[in-house]
Amino acid sequence: MASHYEAPIRRPLVTGEKSYHDVTVDIAKPVEGKANRAWWIVFSISLVAFLWGLGCIIYTISTGIGVWGLNKTVNWAWDITNFVWWVGIGHAGTLISAVLLLFRQKWRMAINRSAEAMTIFSVIQAGLFPIIHMGRPWLAYWVLPIPNQYGSLWVNFNSPLLWDVFAISTYLSVSLVFWWTGLLPDFAMIRDRAVKPFQKKIYSLLSFGWTGRAKDWQRFEEVSLVLAGLATPLVLSVHTIVSFDFATSVIPGWHTTIFPPYFVAGAIFSGFAMVQTLLIIMRKVCSLEDYITVQHIELMNIVIMITGSIVGVAYITELFIAWYSGVEYEQYAFLNRATGPYWWAYWAMMTCNVFSPQFMWFKKLRTSIMFSFFISIVVNIGMWFERFVIIVTSLHRDYLPSSWTMFSPTFVDIGIFIGTIGFFFVLFLLYSRTFPVIAQAEVKTILKSSGERYKNIRERGDSLVGTGSDVRTSSASKPHVVKETATKNVGASEDNSQKVNNLLSNLGSFDSNTQTADDLKKISGIGPKMESVLNSIGIYTFAQVSRMTKTEYDLLDEITGSFPGRAERDDWSGQAKKLIN
């Protein structure tokens, strides 16, 4: 009889011996605490870039599009290049969230929230360029098919600009609903932990009344799957529509049927690279190294390597089709890309997009944080050059040699582009300070199967019973464990004895001969069991509780080990003062 084969335990996706409570505290820390120095440095640089770009936009609108480097031949250039680049970056967010959710991939849990936020913010940047390109952005509402003061005037549905408007608005709305739905449990978590009444009120509104009931979770799962099913085709359709802007024209280098899949692959490629850039920044700025691990970085690099190879095949296919077609204009368009005045842009594109991802075949390189960060930036530079090459090199050599010209961006062009990058990072950094950047509820669902703490327990052969995050989940068979654990924690160790003495020296001691014990259960958050725990420590009166500050709250949490942070969140001190009065 063949021996039973037991698969080895996979590498943990959550490192650092994390419990459920640890996950909550770590993910809430960037929202509840103060921003660290790294956050302020990155935010300051982003804000300066954004303000510079805002100044260039104001200058453009007040002066006219003539301040850009456009000319009669290259009338699509810098702004459309940047538009397509930003739309492409927005694709990976939906792919990670929707497609990996449908395939039940656990490694998406720590990165999907940042990817979804990246989608929203990058689509906002993309939408800026067509609006500015209109020349009269205050009339941007004309692109919407709504009744207007001109009676029967209707939008021109044959215009590629209209395709982009509908594609982007649909993509943005579905992605926004998908992102917000996933945030509901996290908003509720911040709401329940909030100490300040205003903060609690804001997150109560944002959480839409989430209570964590079974019915809430059932609807959450159903809506998430429905939205994932809607969003997945959008990954293909939106950038396909963007590619039609070019493929439906008769300009050599554009009129090709390979553009839709080619653009989609390139969009996923650049999107994953930007997610990689953001993840590496966020794991450092928000101290999330235990949740965004080297394994996540490696898996992202594998996707970048695969999509980069697909893009490389698309480039080769383009060259083959141009040669095989026998059309001299088509052949010249590609020859001009590689050897013409913009040869440097073409070879920068090939180097960054085709050759650089191939380093990811080597495990040592794809597991290196710094090298991954470098390659992710290189890929995004390469994908920008790809859009530049497709647009500018195909236009600057027209059918008539008399109309041949060169395009050079002005300082306004460059300033607006840098401004959108700054705006993107400003939005993302503000988001990281107000919204949880990791889906804490989803991370908890994989903790027992993919957490380092539980992996070590299983490898030792120990039982998982009693390994919960707090006394409520420590043992299902011993409901009285709270009292036993609290008594043991308070009286057993010398360390706890010292902490108890320090706590009582600040709060004051209780003398049963001269004082009367108060009913501490009148304080919201203190039940019969917690009251007995406080009594065992030596806390009997409202006067003692009213003297609690941040220091005493922390000491109490360390002594009891149960419901950390509850006393501070429920403001026991303030409640006790009101009861005394």
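Which helices each supply at least two residues of the lining of the second largest pocket? I opened this notebook with that question and took it to the model, which is a predicted one.

**Entry 1: the pocket**

I found four helices that each give at least two residues to this lining: helix 1 (20-32), helix 6 (160-193), helix 23 (550-560) and helix 24 (566-569). I then looked up which of them gives the most, and it is helix 1, with five residues. The lining of the second largest pocket comes to 20 residues in total. I noted the ones nearest the centre of the pocket as Glu-32, Arg-193, Val-195, Lys-550 and Glu-568. For the space inside the pocket I recorded about 600 Å³.

I next sorted the lining by residue class. Ten of its residues are charged, six are nonpolar and four are polar.

**Entry 2: a residue across from Glu-32**

Is Gln-199 buried or partly exposed? I read a relative accessibility of 23% for Gln-199, so it counts as partly exposed; the buried class holds values under 20%. Along the chain, Gln-199 and Glu-32 are 167 residues apart, yet I found their C-alpha atoms separated by 10.0 Å.

How many salt bridges does a search of the whole structure find? I counted six, and I followed some of them in detail.

I began with Lys-363 and Glu-298, whose closest N and O atoms are 3.0 Å apart. This pair links distant parts of the chain, with Lys-363 in helix 13 (residues 363-366) and Glu-298 in helix 10 (residues 294-325), 65 residues apart. I also checked accessibility for the two partners. Glu-298 is buried, at 5%, while Lys-363 is partly exposed, at 45%.

I then saw that the side chain of Glu-298 also meets that of Arg-366 in a salt bridge, again with an N to O distance of 3.0 Å. What does this second pair tie together? Glu-298 lies in helix 10 and Arg-366 in helix 13, so the bridge connects parts 68 residues apart in sequence. Arg-366 has a relative accessibility of 15%, which means that it counts as buried.

I moved on to Glu-531 and Lys-521, whose side chains form a salt bridge at 3.1 Å from N to O. Glu-531 belongs to helix 21 (residues 528-537) and Lys-521 to the loop between helix 20 (494-507) and helix 21, so this pair ties together parts ten residues apart in sequence. I found Glu-531 buried, with a relative accessible area of 12%, and Lys-521 partly exposed, with 39%.

**Entry 3: helix 10**

Since helix 10 carries Glu-298, I looked up its length. Helix 10 has 32 residues and reaches 46 Å from its first C-alpha to its last. I compared this with the span expected at 1.5 Å a residue, 46 Å, and the helix comes close to that value. Which residue just after helix 10 takes a positive phi? I noted Gly-326, with a phi of about 75 degrees.

Terms used
Residues numbered from 1 in each chain as written. Predicted model: local features only at pLDDT ≥ 70, side-chain atom pairs only at ≥ 80, totals over all residues. Heavy atoms only, no water. 1 Å grid on protein atoms, 1.4 Å probe; cavity = no way out; pocket = protein on both sides within 12 Å on 5 of 7 lines; lining within 4 Å. Points joined across faces, edges and corners; volume = space filled by probe spheres on them. Nonpolar A, V, L, I, M, F, W, Y, C, P; charged D, E, K, R; others polar. Salt bridge = Lys/Arg side-chain N within 4 Å of Asp/Glu carboxyl O. Buried < 20%, exposed > 50% of the residue type's maximum accessible area, 1.4 Å probe, protein only. Expected span 1.5 Å × (residues − 1).
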